[in-house]
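Please keep the view open as you read the points.

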Amino acid sequence: MAYQTVRGTYDILNDDYLKFRYVNDLFEHFMKLYGYDFIKTPVIEDTRVFKKDNDTSDMVTKEMFTFSINGKDSLTLRPEGTAGVIRSYIQHKLYGAEAPVKLAYIEEMFRYERPQKGRQRQFTQLGVEVLGDKAPLLDAEVIAMGYYFLKTLGIKDMEVHVNTLGDSTSRQRYLEALKAYFRPYSDLLCTDCKQRLEKNPLRILDCKIDRDQPFMSAVPAIYDYLDEEADNYFKKVLSYLDALEIPYVIDSRMVRGLDYYTDTVFEVVSTALGANSQSTIFGGGRYDDLVSELGGPAVSGIGFAIGEERLIGAMEEAGLFGDLKGHPDVYIIDLTEGDPYVLKVAELLRNNSFSTLINYYKRSLRAQFKSVDRHEPYLTFIIGEDEVQNKVVNIKDNKTKEQTTVAFDDLIDHLDNILGGNEDE
Ligand code: HAM
């Protein structure tokens with residue numbers, strides 16, 4: 001039996017690879033515009049980087065690929081990027097530098113989820129983390145950066161959802177209010193939510209099973225429990241989004257799927273991908289306590305992660321990818337059965353940045369012309385025994401159909417003249 005990819009994982013082939021590269025290139029460009037440095041952390045981490053004793057998120061409690069090789073150390077394939085970046089920030093004392101430290105990453109994540117469209121067991125995140133500063137202006141800039149990134153890629157049908165989870169005193173009051181509200185309905189809650197009720201009732205707001213229960217419509221919103229500081233903070237963030245004319249929806253039920261968030265949280269949903277949880281292209285928020293919980297200084301952070309496969313899905317849906325492959329500059333038809341002169345010509349071209357394909361083994365002229373048709377080069381070179389003897393090349397311009405003979409030493413000048421403008425295509 002031929003082997004297959006493991007469930008929930010996919011090969012990225014041909015033009016699909018170019019789609020990732022296209023998106024990554026723009027992300028790297030954006031990171032430069034906003035002053036971020038890139039970071040790469042290991043795929044495997046000590047499980048404790050992700051898991052705390054009192055975790056309630058599905059990601060940590062049900063979806064981690066955790067294993068042990070020697071029966072002692074518990075290791076986990078990273079399910080998300082934030083915790084590993086913070087581990088690195090603490091380990092290398094990056095907090096010693098001027099705040100904020102702004103880090104970006106493009107990395108694979110692993111979650112043991114039920115695979116479906118837009119939900120994979122291995123997927124890629126384009127993420128950012130800003131560590132060491134807390135200010136509404138920064139929160140707004142992070143949201144705006146993600147929004148403008150999607151907009152620049154051409155995504156139109158999207159909604160920005162924002163909410164606040166308050167600071168720790170506000171949130172404590174709110175959690176008590178939620179417990180009091182849900183207790184009378186505890187018999188109606190799903191098995192998981194019965195446990196969430198006392199441990200972290202915020203998670204009930206996020207529950208896919210209980211979402212449509214009638215009592216969900218009157219759940220108290222956090223805004224009535226915010227103290228003045230947290231309330232002002234959130235309003236200030238919104239006022240910056242208003243100033244930038246970024247359209248947003250205030251979503252009091254959005255609590256995010258991970259436990260570490262405080263104050264500002266946000267998600268961007270693609271309305272083109274339909275109304276399900278797989279339509280969330282990116283999510284993020286502020287975390288006041290995560291750095292200190294992982295053993296670092298008491299500094300706050302904020303970040304987001306874009307699901308790259310979902311983003312590419314939304315772009316495909318909207319027809320936003322043009323011809324990414326482009327055409328080679330030159331295809332060399334070889335009638336000599338592999339004379340070294342052919343290779344010399346090809347290397348001369350490549351050394352001068354002209355993309356060049358050659359034929360590797362004896363094939364008829366007809367078969368080689370078929371390859372030319374398939375690759376659609378700008379120029380076709382034909383090299384036979386005569387061309388080798390005379391150190392020349394026969395060149396056919398596939399647009400004008402003109403044919404010329406050019407000496408080896410004049411090739412680059414000739415190509416500069418006729419292909420000079422093609423390099424970026
Ligand atoms: P998250 O909401 O768990 O947040 O994931 C961010 C994005 O990753 C999602 O919006 C989605 O697009 C994508 N994603 C998540 N799970 C899957 C999956 N199974 N298959 C395909 N795509 C998926 C985080 O991971 C946080 N670390 C974000 C963050 C950074 N918060 C602060 N800093």
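1. Does D206 count as buried, partly exposed or exposed? D206 counts as partly exposed, at 32% relative accessibility. Here buried means under 20% relative accessible area, exposed over 50%, and partly exposed in between (1.4 Å probe, protein chains only).

2. A word on the source: this is a predicted model, in which local features need pLDDT of at least 70 and side-chain atom pairs count only at pLDDT 80 or more, while totals for chains, interfaces and linings use all residues. Residues are numbered from 1 along each chain as its sequence is written, and side-chain values use heavy atoms, with hydrogens and water left out.

3. D206 has a salt bridge with R203, their closest N and O atoms being 3.9 Å apart. A salt bridge is a side-chain nitrogen of Lys or Arg within 4 Å of a carboxyl oxygen of Asp or Glu. R203 is buried, with a relative accessible area of 5%. By this rule the count comes to 21 salt bridges.

4. Another salt bridge joins R87 to E45, with 2.8 Å between the closest N and O atoms. This pair links distant parts of the chain: R87 belongs to helix α3 (residues 82-91) and E45 to strand β2 (residues 44-46), 42 residues apart. Helices (H or I, at least four residues) and strands (E, at least two) are DSSP runs, numbered from the N terminus. Both R87 and E45 are buried.

5. Now look at helix α8 (residues 228-243), where K235 and D231 are separated by about one helical turn because they are four residues apart. Their salt bridge has its closest N and O atoms 2.8 Å apart. K235 counts as partly exposed, at 48% relative accessibility. Elsewhere, salt bridges that share partners join D58, K62, D192 and R196 into one network.

6. Next, the sheet. Eight strands form an open sheet with mixed pairing, in the order β1-β5-β6-β11-β10-β9-β7-β8. At its edges stand β1 (37-38) and β8 (248-250), each with a single partner strand, so one side of each is left without a neighbour in the sheet. Two strands pair if DSSP finds at least two bridges between them. Strands β6 (residues 122-131) and β11 (residues 301-307) pair in the antiparallel sense over seven bridges, and E129 stands opposite G303 in β11.

7. Finally, a loop: N200 lies between α6 (191-199) and α7 (202-205). N200 is buried, with a relative accessible area of 12%.
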